[in-house]
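Here is a briefing on one protein model, written for work on its pockets and packing. Look over the sequence and the structure before reading on.

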Amino acid sequence: MKKFLWMASVVLILASCNQQTVKTGFVNNTKVVSDYTEMKAAQEKWTKKNNEVRAELEEKAKQFQIEVQGYQNIMNSMSKANREKKEQELMGKQQLLQRDQQSRVQEIQQGSQKEIDSIIGKVKDFIKDYGKKNGYTYIYGETEASNILYGKEELDITDEIIEALNGGKNTESETKE
């Protein structure tokens, strides 16, 4: 019996020695991504591109409206055949304008989404590497769906991740200045 108790004690001691300390942390995913300088640059780039395309399309729409207005001013003096021909031509131009608009908007949406997805992938990989290098067992991600309902403030490593991700630049203090 003494032998059994002694062996059980040894097993318990060895088991407690083999237990690793679990280092955990969590990050606010939305904040990390939105404060990442590469994401900010991508958003600025796509907003600028969207505004340029929008201005270009608005100019084309204005030109089309001028053409329609011109037609409306002279349509009563045209023969029925010429009116029908001109109306068909204008409808064709309108359809082309609408297709061009849809195509350009879709192009911007797809391009920006592809870049955003790539940046999010970089952030995930960075956090994974950060966790490995800094001895974390787990790093949880807090999302808008609130999958982390409570976490001690000292376990929130969001700002550390943002600073490391941005190459040591603390964007939060830059934006406050």
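The expected span of a helix is 1.5 Å times one less than its number of residues. Helix α3 has 38 residues, and its first and last C-alpha atoms lie 56 Å apart, close to the 56 Å expected. The model is predicted, with a mean pLDDT of 85 over the protein.

**Fold and confidence**

- The protein has six helices and two strands.
- Read from the N terminus, the order of elements is α-β-α-α-α-β-α-α.
- The chain has 177 residues, and 19% of them are buried.
- Take the contacts between residues at least 6 apart in sequence: 79% of them join residues at least 24 apart.
- A pLDDT of 70 or more is reached by 84% of the residues.
- Where pLDDT is low, predicted coordinates should not be read in detail.

**Helix α3**

- Helix α3 covers residues 37–74.
- Its buried residues are Met39, Ala42, Trp46, Val53, Leu57, Phe64, Val68 and Tyr71.
- An α-helix has 3.6 residues a turn, so residues three or four places apart point the same way.
- Which helices do the buried residues of α3 pack against? They pack against α2 and α4.

**Largest pocket**

- The volume of the largest pocket is about 270 Å³.
- Its lining has 13 residues, and Leu57, Glu58, Ala61, Leu97 and Gln101 lie nearest the centre.
- Leu57 is also one of the buried residues of α3.
- Both α3 and α4 (80–133) supply at least two lining residues each.
- Which element gives the most to this lining? Helix α3 does, with eight residues.
- By type, the lining splits into six nonpolar, five polar and two charged residues.

**Second largest pocket**

- The second largest pocket holds about 180 Å³ of space.
- Val27, Asn29, Val32, Val33, Ile120, Val123, Lys124, Ile127, Ile139, Tyr140 and Gly141 line this pocket.
- Three elements supply at least two lining residues each: α2 (29–35), α4 and β2 (138–142).
- Helix α4 has the largest share of this lining, four residues.
- Eight of the lining residues are nonpolar, two are polar and one is charged.

**Valine 123**

- Valine 123 sits in helix α4 and belongs to the lining of the second largest pocket.
- Why does valine 123 count as buried? Its relative accessibility is 5%, and buried means under 20%.
- Beyond its neighbours within four places in sequence, valine 123 contacts Val32, Val33, Tyr36 and Leu165.
- Of these contacts, Val32 and Val33 also line the second largest pocket.
- Methionine 39 is 84 residues away from valine 123 along the chain, yet their C-alpha atoms are 10.0 Å apart.
- Met39 is itself among the buried residues of α3.

Technical notes: Residues numbered from 1 in each chain as written. Predicted model: local features only at pLDDT ≥ 70, side-chain atom pairs only at ≥ 80, totals over all residues. Heavy atoms only, no water. 1 Å grid on protein atoms, 1.4 Å probe; cavity = no way out; pocket = protein on both sides within 12 Å on 5 of 7 lines; lining within 4 Å. Points joined across faces, edges and corners; volume = space filled by probe spheres on them. Nonpolar A, V, L, I, M, F, W, Y, C, P; charged D, E, K, R; others polar. pLDDT = per-residue confidence, 0-100. Buried < 20%, exposed > 50% of the residue type's maximum accessible area, 1.4 Å probe, protein only. Contact = heavy atoms within 4.5 Å.
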